[in-house]
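Please keep the structure in view while reading the points below.

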Protein chains: 2
Amino acid sequence: MSGSLWLLPVALGETPWQQYLPAATRDAACRLTHFVAENAKSARAELKRIAHPTPLRELAIEQLPKSPSVADIERLLAPLHSGHDLGLMSEAGCPAVADPGALLVRRAHELDLVVRPLVGPSSLLLALMASGLDGQRFAFHGYLPAREPERSRRIVELEKESARERQTQLFIETPYRNPALLDALLLTCRPETRLCLARDLTSGTESIRTRSVAQWKSTQLPNLDKHPTVFLLLADR
Amino acid sequence: MSGSLWLLPVALGETPWQQYLPAATRDAACRLTHFVAENAKSARAELKRIAHPTPLRELAIEQLPKSPSVADIERLLAPLHSGHDLGLMSEAGCPAVADPGALLVRRAHELDLVVRPLVGPSSLLLALMASGLDGQRFAFHGYLPAREPERSRRIVELEKESARERQTQLFIETPYRNPALLDALLLTCRPETRLCLARDLTSGTESIRTRSVAQWKSTQLPNLDKHPTVFLLLADR
């Protein structure tokens, strides 16, 4: 009898688990002894945060390589074949969303294994809910190009597509590059395009504001430097 | 002092709240006495499920019209101006995602009010995590056209865009039309396109499987008729 692959969301920041996990998610994680983690160190911090009943050194925690090979995937899924349930954890938020964990889930489906997603925090979804932008049509684009002129060219593309499809565009950046991305957005976007900046979601310094680009240019900007932020924009037709 | 607008996720099906809500989300909902709901009846069922400490008849629960006017929005937000916190609830899952609640959130930002999204279940995100499809780039398209040939035309468009942008496409259908949509997908999509069917998420009859269209054609299909389902596809280049 094969085990099941459990998808375990984890904290977005330093908060007690009761803030961001249903008791059922925490209980499911506490029943597991085998884990695959995007980052082993942050996985151990999470298992400590939820007070996993087994001493950490007795848990099997394997780290997922950034570009896992077919052999890596087979090795990481091996506990399932010996009948162990396996937990997949992202560095922050939901696994297999904006991280390489999806390759493991893909293989689990090919092997006809049971995949069990659990409820927990997603910065993308919290940002979308709170943005007041269109939640009926939206797209997540990951990271924009880090350099100019590619970055501004991509922003123009996303804004045009947003207007054409009436689609909210979500994207992220490495936190230390957030101020540069914000500058590029304010320089490039049309004045009436609405831009939401969703910073430090679920933490004590959470800040979520939606303004038109014209309004953002005439108000004090939030400090996004080194703060995890989701950027969302919606252009009018 | 104005109140804050709290975004309260609710159950996807009939399950105890400890399965799908963090204690913090449930506690926040229990502190509120003013609510705006996509559906007042299902909001009352949710407030009963989380054992809200105030008798239901003493709570102010306003229903959000399907196409709210500017006057509707002002009226619904009025408790915030009198200093009450206000909770926004969808019929299922997260408010302001795939429902008209975003208009209320939009107005709250215009009025510079504080918007507080809370963690809870989202069928779209659970389906995406569990699909094994690309979670680095994805788009939600709402409902596809209900009639042919528009529906199949739209499926072809989404499949082409998926291949071009390497983007997972998510969409939904009114549950009694799920079998017809599945038929159209199997008839229209390329054999190697991967299709995930994510049914009854978080409930006891949950079923999530990803197969190529060719594989789906040669296996028994899950029964989706009248079961809430998220459809996801990813086409190879």
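In this predicted model, S6(A) and strand S6 (residues 138-143) of chain B pair in the antiparallel sense, over 3 bridges. Within this pairing, Ala139(A) stands opposite Ala139(B) in S6(B).

**The contact between the chains**

- On the two sides of the interface, 44 residues of chain A are in contact with 44 residues of chain B.
- The elements of chain A that give two or more residues to the side touching chain B are helices H1 (17-20), H2 (23-31), H5 (102-110) and H6 (123-131), together with strands S5 (115-117), S6 (138-143) and S9 (207-212).
- By residue class, the side of chain A that touches chain B divides into 28 nonpolar, 12 polar and 4 charged residues.

**How the copies are related**

- Chain A can be laid on chain B with an RMSD of 0.0 Å by a turn of 180° and a shift of 0.0 Å along the axis, and the two copies are thus related as by a two-fold rotation axis.
- Of the interface residues of chain A, 100% are also interface residues in chain B, so the copies meet through the same surface.

**The nonpolar core**

- The largest nonpolar core has 144 residues, and those with the most contacts inside it are Leu88(A), Ala127(A), Leu170(A) and Leu232(A), along with Ala127(B), Leu170(B) and Leu232(B).
- When its neighbours within four places in sequence are left aside, Leu232(B) is in contact with Ala127(B), Leu128(B), Ser131(B), Leu133(B), Thr168(B), Gln169(B), Leu170(B), Cys196(B) and Ala198(B).
- As general background, nonpolar side chains tend to be buried together in soluble globular proteins.

Note on methods. Residues are numbered from 1 along each chain as its sequence is written. Chains are lettered from A and ligands numbered from 1 in the order in which they are written. This is a predicted model: local features need pLDDT of at least 70, side-chain atom pairs count only at pLDDT 80 or more; totals for chains, interfaces and linings use all residues. A nonpolar core is a set of buried Ala, Val, Leu, Ile, Met, Phe, Trp, Tyr and Cys residues joined through C-beta atoms within 7 Å. A residue is buried if 20 or more other C-beta atoms lie within 10 Å of its own, exposed if 12 or fewer, and partly exposed in between; C-beta atoms are placed from the backbone. Two residues are in contact if their C-beta atoms, placed from the backbone, lie within 7 Å. Copies are superposed by least squares on the C-alpha atoms of residues with pLDDT of at least 70 in both. Helices (H or I, at least four residues) and strands (E, at least two) are DSSP runs, numbered from the N terminus. Ala, Val, Leu, Ile, Met, Phe, Trp, Tyr, Cys and Pro count as nonpolar, Asp, Glu, Lys and Arg as charged, and the others, Gly among them, as polar. Two strands pair if DSSP finds at least two bridges between them.
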